[in-house]
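Subject: Structure handover and notes

Dear colleague,

I am passing on the structure that I have been looking at, and I would be glad if you read the notes with the model open beside them.

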Amino acid sequence: MSEGHNLPNLAIGYSLPRLFALLAGGLLLTLLCATLAINWHYARDVTTFQIAICYLGAGFFGIASCKVLWTLISSREPVVFVTRVGIRDTRIADDTISWRSVRDISIFRYSSQKIVVLQVDPLVAARFEGGFLKRVLTLLNKPIGADGVLVAGGLTMDGEVLFEACKQYWTAGRLGYTARPETEPQPEPVN
């Protein structure tokens with residue numbers, strides 16, 4: 001039995017403390033923007049642009065807080081699954097990315113966050129493009145070095161540990177695939 005057969009299936013969910021911290025921060029910023037927008041009407045040196053920015057900030061952070069609250073309510077099930085066959089992030093798509101289609105795995109550090117980046121075959125990557133907003137975010141991530149399928153963010157497993165686990169499963173999956181004997185006979189040359 002090879003090393004890849006001893007690897008257990010991993011199921012990783014959202015981190016509740018991180019979601020509570022995001023919810024608290026979002027609510028605080030919503031209240032701050034709303035308070036500034038309402039109180040600035042009484043100030044003398046405030047432009048209409050500044051008031052509009054505060055209203056937009058209150059709306060943006062309010063919607064973001066609602067999204068985090070919804071994620072917190074519905075976060076009872078795991079969202080990332082790592083198996084010997086591949087990796088599946090239900091936040092991206094319901095399809096499993098096979099380890100055979102992953103060309104490279106790297107880690108991207110942004111502030112204190114560590115994000116796992118999967119370099120996949122172009123045909124497989126096309127299945128994970130998503131809608132317009134996802135494409136725009138992908139274009140914005142390329143210049144800062146996060147080019148590929150991103151896996152992480154708010155999970156119970158740290159990004160560094162997830163990276164090491166993905167590297168281990170990727171290596172075992174690729175070794176298991178390349179170690180298989182050839183099943184098709186070689187064609188004979190035609191004279």
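The model is predicted, so local features are given only where pLDDT is at least 70 and side-chain atom pairs only at pLDDT 80 or more, while totals for chains, interfaces and linings use all residues. Residues are numbered from 1 along each chain as its sequence is written, and side-chain values use heavy atoms, with hydrogens and water left out.

Helix α1 covers residues 16-39, which makes 24 residues, and spans 34 Å from its first C-alpha to its last, close to the expected 34 Å, where the expected span is 1.5 Å times one less than the number of residues. Its buried residues (buried meaning under 20% relative accessible area, exposed over 50%, partly exposed in between, with a 1.4 Å probe and protein chains only) are Leu-19, Leu-23, Gly-26, Thr-30, Cys-33 and Ala-37, and what covers them includes α2. Thr-35 also belongs to α1, but it counts as partly exposed because its relative accessibility is 41%. Between Thr-35 and Tyr-55 there are 9.4 Å in space, C-alpha to C-alpha, although they are 20 residues apart in sequence.

Ser-65 is a residue of helix α2, which runs over residues 48-73, and Ser-65 is buried because its relative accessible area is 5%. Leaving aside residues up to four places away in sequence, Ser-65 touches Leu-23, Gly-26, Leu-27 and Thr-30, a contact being heavy atoms within 4.5 Å. The side chain of Ser-65 also reaches the backbone nitrogen of Leu-27, at 3.3 Å.

The structure holds one cavity of 30 Å³ or more, and the volume of the largest cavity is about 40 Å³, counted as the space filled by probe spheres set on the points. Eleven residues line the largest cavity, and Ile-87, Arg-88, Asp-89, Ile-92 and Ile-97 lie nearest its centre. Strand β3 (86-89) gives the most to this lining, with three residues.

With best wishes

How values were computed
1 Å grid on protein atoms, 1.4 Å probe; cavity = no way out; pocket = protein on both sides within 12 Å on 5 of 7 lines; lining within 4 Å. Helix = DSSP H or I, 4+ residues; strand = E, 2+ residues; numbered from the N terminus. Polar contact = N/O pair within 3.5 Å; in protein donor to acceptor, adjacent residues only side chain to side chain.
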